[in-house]
Structures are given as structure tokens and as C-alpha cells.
Amino acid sequence: MANVQQNGQRYGITEPISLGGPTELDVIKTRELEKYLQDVGLYEGKEEAVRREEVLGRLDQIVKTWIKTISRAKGLNDQLLHEANAEIFTFGSYRLGVHGPGADIDTLCVGPRHATREGDFFGELHRMLSEMPEVTELHPVPDAHVPLMGFKLNGISIDLLYAQLPLWVIPKDLDILHDSILQNADEQTVRSLNGCRVTDQILRLVPNIENFRTTLRCMRFWAKRRGVYSNVSGFLGGINWALLVARICQLYPNALPNMLASRFFRVYTQWRWPNPVLLCSMDEGSLGLQVWDPRRNPKDRLHMMPIITPAYPGMNSSYNVSASTLRIMTGEFQRGKDICEAMEANNADWDTLFEPFAFFEAYKNYLQIDISAANVDDLRKWKGWVESRLRQLTLKIERHTYDMLQCHPHTHDYQDASRPLHCSYFMGLQRKQGVPAAEGEQFDIRRTVEEFKHTVNGYMLWIPGMEISVSHIKRRSIPSFVFPGGVRPSHTSKGTWDSKRRSENRISTTASAATTTTTNEASSESKGGSNSSEDGKKRKRGDDETLTGHLRNSKHVAVAMPVENGEGGSPNPSICSSPLKDCCSNGKSDPISKDPPENVVLFSKDAAETHPIEKIATPQAPSEETEELEDSFDFGNQVIEQISNKDTVLAASATIPTFDATTSNGSPFSYEAVEELEVLPMGQPEVTHRASVQQRKPIIKLNFTSLGKANGK
């Protein structure tokens, strides 16, 4: 392994945190990790690898035949017809070398100026593919943010993008990394090219590709097991995890995967979001394309967890992250850090780190989103659309309850074997941690659910049979088909790291409550005692502050939550939604009602009681944090303060470079108090009076109608 210090090369925008090489223990632990990843089946066999290469070769032949066909049809001269060419490039996990068995191949077709996206790519090429017997499950997605065609070629899944360059002939040695390739290209072409350009840049910006690949395989597997691998759900996707791992490789250029995995959790536990993760300095370029810059672009100030792509134009690859999903990932980073520290003390192993997250044990309240369609093809289209909209439900609930009701979307769908044209999604719900619950307090999200369903049913390709329903269920009512083998476990998981932490948290909560009671009694006896006790509490808080607490920006990131999520001592709220027609509305002709139905069944803490809902409670004004953005953006601040021992304090992970750009009045922006806002404009409910600052606690009802019960399930 080449030592970075010896060859003088520096990776990234800052100096490395440590140039130390691996110890003998690191070598042993890395071998154990590699064997673990092999044993769980993350590496494909040689036969499958050969088959992938054959499929890519066949795809290359298909697009070259396609470009000849359309060139001839458009009457190009003999020379251009002879030179007509289209090239295939790969990107994503396959190009990075971290794909596993059965993974799809992300591919890009680059064509000339006369081969259009709408008429030729989604027209003629789609027709050619549909007539080939080796092509199955063909489904075009022309209206996506990055338009693509998905299909299987000889059993291998392919996602094919298209880039139309302003060239008459595509050279066989085309260099897509050169910025000039973007000149005069349309926006969809720029986005399509970005995947390949970013992937190749990542491989250029890491000090050791093999260590990067092993570490990335580890982190991708961990993220999937812990339920935080899904860009569409508001977590992080493959490219996001690759960029995060690449930054750790830059900060520890001589470390082996064992140490890189440990440092990954330590760095990102202390990262002060929304400071961005950058692999290289951002290039504003000469083509005038918009790059990520919160000082110039107001929308960029709303991003919760910016992870910037290293190829021009630099973009935020993680714009889907919301306040709830950031909180969940931050908690998972903390869990990973704790386990890695326990592994160093031989108190844990790789099995502990990769324990699956027990989603259906973590909450007491869930939303169940059921969809159905008339046939398999319609269901596939309907699923793709609904999945792309589920994040909007999370954002709407967060905004309409002023972040008092937190959502945890599950990253996978479930299907009941007895209902083949039916699919279900789930979302965990809990009250915001650390906020005392008033007796009888409820969240009313009926109107929010109605708006979401109305938006979903606005699908341009909607046809009769595509239906969606949303219902509230308790943990005890979760359908059996979500469990392995369709059998509900008789008891919750015991003996796992997460279950032990839940027990410790319950004990800690009980002890804290007892201490508080004792202190209150003592303070009522003596004013002097009260002052002394308060001083003691302040000293205790000062002693207990950790480095992580200093480094994390509390305005943006909630305190890492226990995995228990709603199992604590505070009473769980109940949730309220309104049933639609027959509890399964397609909503095509029904506008959103101004007032929710009155005759709904409510579920409060006492399940046996039901109470009628008279009206939706009106939330109070939001806190001052959410009312405005700061006037300046100081982008020169360090992500982490300078600390003397920078090997143990991973906060020196990135010094954010200062941008030259300023606002029109010459003042930079400050990145303080930024809130995630809903993309779609939605009216705020009327507030009859403005409460004082101390009275701004939202009046929220959390009674959720069980549509399933209303439907007789």
C-alpha cells in the first residue's frame, strides 16, 4: 500500500486527520471483516460476473443498431451514416466495484444530436427492446428527475439513461469527465451524465481503491440492515454512502477497512450538519451551470444533510433527507460508534454491528399505506409513483405538527401472499423525544393524509383500479405477512444490543424521574436549598458535556434517540385520520374536503374508549427558529473546532472552503437556523390569536382513525 505521506499527495480539501498505518490487530480485524462480508453473500460469483459482461456487450450492440436505424430514417448522408455511433457507460455500484449478486447495472447511453430523447430513445429504442425476447419487464420512466428505461436483459436488471450531446458523431474514445462535454447540453442530459462523472471522480479522489471498496461494502450492508439505505424514503442511497466513505478514506489515507469503518461512525456522529461533505473544492466552471451554493440559491439553504458531488456542476446528492430521517441516521451513527468502541474492548463483534433494526418492535403507532392495482404491470407503475411520493407524507406530517410528531418510514414494501396485486408500506410514529406530553394531547393528521392522497391520485398515468388507503395501526395489530414466514414472533427480541440499550434507557429514565422528584421536594422546603441544588445541577451538566455535544448543532440535529422510540415513560399519543369512501379511495374526482368527517372512531391511550372528534385542532405559530432564515452565510467556518488531539477528535474532518460569491448587496449568508420546508406550497391553518412566546406549544390532537377497523378488518 502506497503511503500518502511518502509520495506527498494529499486527498480532499483538508489535511488528513491521521497518516498512521495499520497495526497488526487492524490487519486481523480487516481479514475478519472481509470474511464476514463474503459469508453473508455480498460478492457475486465468477459466472454471474461473466454474464454481466456479456449483457453489457449485447446492450452495446443494441444501441449501435438503434443509432444506425434512426440515422438512416432521418436521411443522413453516407459518411454520417457510416460514422453514426452511440456509446454505453456504466456508473453506480457496478462501476465502483461494490455490487452484489442480483444487483442491477446502472448504464448511460450517449447519443448524437439527431437522436432525441422523446422520439428516438423512448420511442424507437423502446419499440426495439419491446420486440426482443431476451428483454423482459420493460418500463420507461420519461417523467422522472433523471429519465430512464428499466428492463431485464437476459435476466440482468438494467437501468438505462440517455444523454443527447450536441455532436453529429460520438467518438469511440469519448471522455465524459471533461467539462466541455456539458456545453450546450440540456438539463436532463447534464443530470444523466452526472452519475458517470461523479462515479469516476470518486475513484480518482480516494487514496486506496481496494480499501475504499471494502469499507463501502461494509457501510452499504450496515445501512441496509439498519433500515437507512433508501434515497426515495428520505435516507441515503448508494452514491451518498459512497461519498461519505470516500471522505473518511481521505481523512485516514493509510488506514485499513477495520479502522475506516470505526472512524466513519466517529466522524459523522460529531459532524455539524448542515455543513456539507466535500471531496474536493467546488468549481464554479465556465459554462454557467448552477452549482450548490446556499448563499446564492435559497433552496440550497433548506437542505438538512448536504453531501456534494465532486464533478462539475456540484450538486447536493442528499436533498431528500428530512428532519426525521436525519434524526434517525444520527442515532444510528451514534449506535455504530458505541459498538465499534465496544469491539475495540472485545465486548462486541461484527454481528452486533450488523444486527437488523427491529422496525416493528420500535414503535407503538404506525401508519400503514396500502396500494393495489388491476394487474401486475399497473401495480409496478403505481408502486413506482407512490414510492416517489411517500417522502411527501413524511414532510407534510412534520410540517403540519411543527416537528412534534416524528416519522420513521420503512425502506421496503411488503406483499400479502393472499393478495398478489396488493402492496403495503409502513411508517413508525412517535412524539418528539424530550418533550413532555400533556394529558390527553392528540395529533390530528386527517387533513394531512387527505392532502397526501389527493396528491398521489394526481398521477398522470392513473387508471381505474389504482387505489391507495392510509390507516393507523397499533403495534399489536401489525399484519402477520410482514414477519419472516408470515408468523408473528411470540415475544420481542432479547439479548441484542438494541434491547439492552432499551432496558438501560428505561432504568435511566426511572432513576432520573426519581431524582427529579426528590430534588423538587427538597427545593420546596428551603429556598437556599433550591439555589444550591440548581447550582449543583448546572455544575453536573457542565461536567457531563461531551465533545459530541459541543460539536453537534442542536438547531439542526435532535439528540440521538434511543432505539426504543416511544417505549419510554411518557404517554403515547393516539393519531387521527379520516376514512375515505369505502376506506380505500382512488380520489380521482373527489377534491380535498375543507372539513374532515365527523363520524370517525378515535384511538386514545385507552383502546376500549372511543370519542367523537368535533373539529381539527389549530396548531399555534411555529417557534422562532422556523420563522426566518439568517441574513448571512458564513461558509468559511470549520465543521469541527480545532482540537489539540486531532486523531481522537474526528471533527477536523473538513474545513469548508470559502466561496468567492456574495449576495447582491455584498454580504455573505449565515447558515444558522435552517428548517426543512415542504416543496409543494400548502396553506397554513388560520390562527385565531397569536400566543406569546411561552404559549407557542402547538395544540395538536393525536387521534388517528383506524381505517382498517372502519373497514371491518
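**A walk through the model**

Start at aspartate 104: its relative accessibility is 29%, so it counts as partly exposed. Here buried means under 20% relative accessible area, exposed means over 50%, and partly exposed lies in between, with a 1.4 Å probe and protein chains only.

Some ground rules. This is a predicted model, where local features need pLDDT of at least 70, side-chain atom pairs count only at pLDDT 80 or more, and totals for chains, interfaces and linings use all residues. Residues are numbered from 1 along each chain as its sequence is written, and side-chain values use heavy atoms, with hydrogens and water left out.

Back to aspartate 104. Find it in the loop between helix H5 (92–96) and strand S2 (105–111). Helices and strands here are DSSP runs, numbered from the N terminus: helices are H or I with at least four residues, strands are E with at least two. Setting aside residues up to four places away in sequence, aspartate 104 touches Arg52, Ser93, Ser157 and Asp159. Contact means heavy atoms within 4.5 Å.

Why pick this spot? UniProt, in an unreviewed entry, places the feature "binding site" at Asp104, Asp106 and Asp159. These three are spread over 56 residues of sequence, yet they cluster in space, with a largest C-alpha distance of 7.1 Å. A caution: UniProt positions are given in the numbering used here, feature names are shortened, and annotations may be inferred rather than shown by experiment.

Now aspartate 159. It sits in strand S5 (residues 156–164). Its relative accessibility is 21%, so aspartate 159 is partly exposed. Beyond its neighbours within four places in sequence, aspartate 159 has contacts that include Asp104, Asp106 and Leu148.

Next, strand S6. Is it enclosed or open? Eight of the eight residues of S6 (residues 365–372) are buried, so this strand is largely enclosed by the rest of the structure. In a regular strand the side chains alternate between the two faces of the sheet. Both faces of S6 are covered. On one side, Asn365, Leu367, Ile369 and Ile371 are buried. On the other, so are Tyr366, Gln368, Asp370 and Ser372.

Which strands pair with S6? One is S8, antiparallel, over eight bridges. Two strands pair if DSSP finds at least two bridges between them. Leucine 367 stands opposite methionine 427 in S8. Eight bridges also join S6 to strand S10 (residues 467–474), again antiparallel. There, asparagine 365 has lysine 474 as its bridge partner.

On to aspartate 416, in the loop between strand S7 (405–409) and strand S8 (422–431). Aspartate 416 is buried, yet it has no salt bridge. A salt bridge needs a side-chain nitrogen of Lys or Arg within 4 Å of a carboxyl oxygen of Asp or Glu. The nearest side chain of opposite charge, arginine 419, is 5.3 Å away. Lys and Arg count as positive, Asp and Glu as negative; His and the chain ends are not counted.

Last, the backbone. Tryptophan 273 to proline 274 is a cis peptide bond, with omega near 15 degrees. Another cis bond joins tyrosine 312 and proline 313, with omega about -5 degrees. Proline 313 lies in the loop between H10 and H11. Finally, glutamate 137 is not a glycine, yet its phi is positive, about 50 degrees. Glutamate 137 is in strand S3 (residues 135–141).
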